[in-house]
Amino acid sequence: MAGSIYPSPVNKLLTYGDCSKTREVPNYVQELGFNADHVPDLIRMATDKELNANDLDSLEVWSPVHAVRVLTQLGAEAAIQPLVNLFHELDDDWMPNELFEFFATIGSGAIPTLEAYLGDSSHDAYQLAYAATSLTKIVEKHPDLRDQCVAVLTQKLEDFANNDPELNAFLIGELLDLQAVESAPVMEGAFAANRIPIYIVGDWDQVQVELGLKTREEVPEKRFPLEDILNYYKQELEQPPLGFAPPVSNKQKKKQKKNKKRK
């Protein structure tokens, strides 16, 4: 059914294979002859809601992943906006890493779109965290873009009073990965305002150790009892504390029971 609406060679991705069973990413461009002319159809496949909602009984569920990989290999900047929109549609564990690789490969061209996404308060903390992680991944592949990405993350953290506290913690986590010592004053302000769930990223003392501003001798390692974590989030005992795994809505749970998604 889907094959009839995707021209060759894009339609070959519908049955290309289960990504979880292969270690190496194929050279799709060389093997199947993809070029810039195929980008619109690849974007359409990558964002195809029907394909993304399929189950593992069909290889078609992997076709959006293959499509993103081809777009990455083509360095398709036209896909930046459509793919960043997937951040608020994801409900599987596989696609985020493919998107991170795409944005990291694109590099500087993706930063303005990721920054705009971070600035959109209609997205929740976990969706925004995908964009934040993408910026860190860009730096890993393009070290010369570190200062620019740190500036975007820090600017978002400066709004800690209005941000979801968990998002603040996620932002600090990314800045720690980037060893952004220059962002320490903003981090300190967020901690002082009690806008950081310390069970996600540690307290201010621990963050200073991570940044090299204090030594481990000065700040002993801390363990947070589960009861304290649950009390912090004011959740019922049987519910896992936020920050350790994204919350799953009842709608998502029903969908997961119905469809075996990419995991």
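How many residues does helix H9 have, and how far does H9 reach from its first C-alpha to its last? Helix H9 (residues 146–157) has 12 residues and reaches 16 Å. That is close to the 16 Å expected at 1.5 Å a residue. This is a predicted model: local features need pLDDT of at least 70, side-chain atom pairs count only at pLDDT 80 or more, and totals for chains, interfaces and linings use all residues. Residues are numbered from 1 along each chain as its sequence is written, and side-chain values use heavy atoms, with hydrogens and water left out.

**Helix H9**

- Helices are DSSP runs of H or I with at least four residues, and strands are runs of E with at least two, numbered from the N terminus.
- The expected span of a helix is 1.5 Å times one less than its number of residues.
- Buried means under 20% relative accessible area, exposed means over 50%, and partly exposed lies in between (1.4 Å probe, protein chains only).
- Buried residues of H9 are Cys 149, Val 150, Val 152, Leu 153, Thr 154, Lys 156 and Leu 157.
- These buried residues pack against helix H7 (111–118), helix H8 (125–141), helix H10 (165–177) and helix H11 (184–192). Contact here means heavy atoms within 4.5 Å.

**Salt bridges**

- A salt bridge is a side-chain nitrogen of Lys or Arg within 4 Å of a carboxyl oxygen of Asp or Glu. By this rule the count comes to 7 salt bridges.
- Arg 146 meets Asp 147 in one of them, at 3.0 Å from N to O. Asp 147 counts as exposed because its relative accessibility is 55%.
- Arg 146 also forms a salt bridge with Glu 182, with the closest N and O atoms 2.8 Å apart. This pair links distant parts of the chain: Arg 146 is in helix H9, Glu 182 is in the loop between H10 and H11, and they are 36 residues apart.
- Glu 182 has 46% relative accessibility, so Glu 182 counts as partly exposed.
- Together, Arg 146, Asp 147 and Glu 182 are linked in a network of salt bridges.
- Lys 214 pairs with Asp 205, and their closest N and O atoms are 2.9 Å apart. Lys 214 is partly exposed at 27%, and Asp 205 is partly exposed at 28%.

**Helix H6**

- H6 has 12 residues and reaches 17 Å from its first C-alpha to its last, close to the 16 Å expected at 1.5 Å a residue.
- H6 is mostly covered, with 9 of its 12 residues buried. Among them are Met 95, Leu 99, Phe 100, Phe 103 and Ile 106.
- The cover over these buried residues includes helix H2 (39–46), helix H3 (49–52), H4, helix H5 (80–84), H7 and H8.
- Just after H6, Gly 107 takes a positive phi of about 75 degrees.

**The second largest pocket**

- On a 1 Å grid over the protein atoms alone, a pocket is an open set of points with protein on both sides within 12 Å along at least five of seven lines. Lining residues have an atom within 4 Å of a point.
- The second largest pocket has a volume of about 150 Å³. Grid points are joined across faces, edges and corners, and the volume is the space filled by probe spheres set on the points.
- Its lining is Val 25, Arg 69, Thr 72, Gln 73, Trp 94, Asn 97, Glu 98 and Glu 101. Helix H4 (63–74) and helix H6 (95–106) are the elements that give two or more residues to this lining.
- The lining residues divide into 2 nonpolar, 3 polar and 3 charged. Ala, Val, Leu, Ile, Met, Phe, Trp, Tyr, Cys and Pro count as nonpolar, Asp, Glu, Lys and Arg as charged, and the others, Gly among them, as polar.

**Backbone exceptions**

- Most residues other than glycine have a negative phi, and most peptide bonds are trans.
- Gln 179 has a positive phi, near 50 degrees. Gln 179 sits in the loop between H10 and H11 and is partly exposed at 38%.
- Asn 194 also has a positive phi, near 60 degrees. Asn 194 lies in the loop between H11 and helix H12 (198–201) and counts as exposed at 58%.
- The peptide bond from Ser 8 to Pro 9 is cis, with omega near 5 degrees. Pro 9 is in the segment before helix H1 (28–32).

Technical notes:
1 Å grid on protein atoms, 1.4 Å probe; cavity = no way out; pocket = protein on both sides within 12 Å on 5 of 7 lines; lining within 4 Å.
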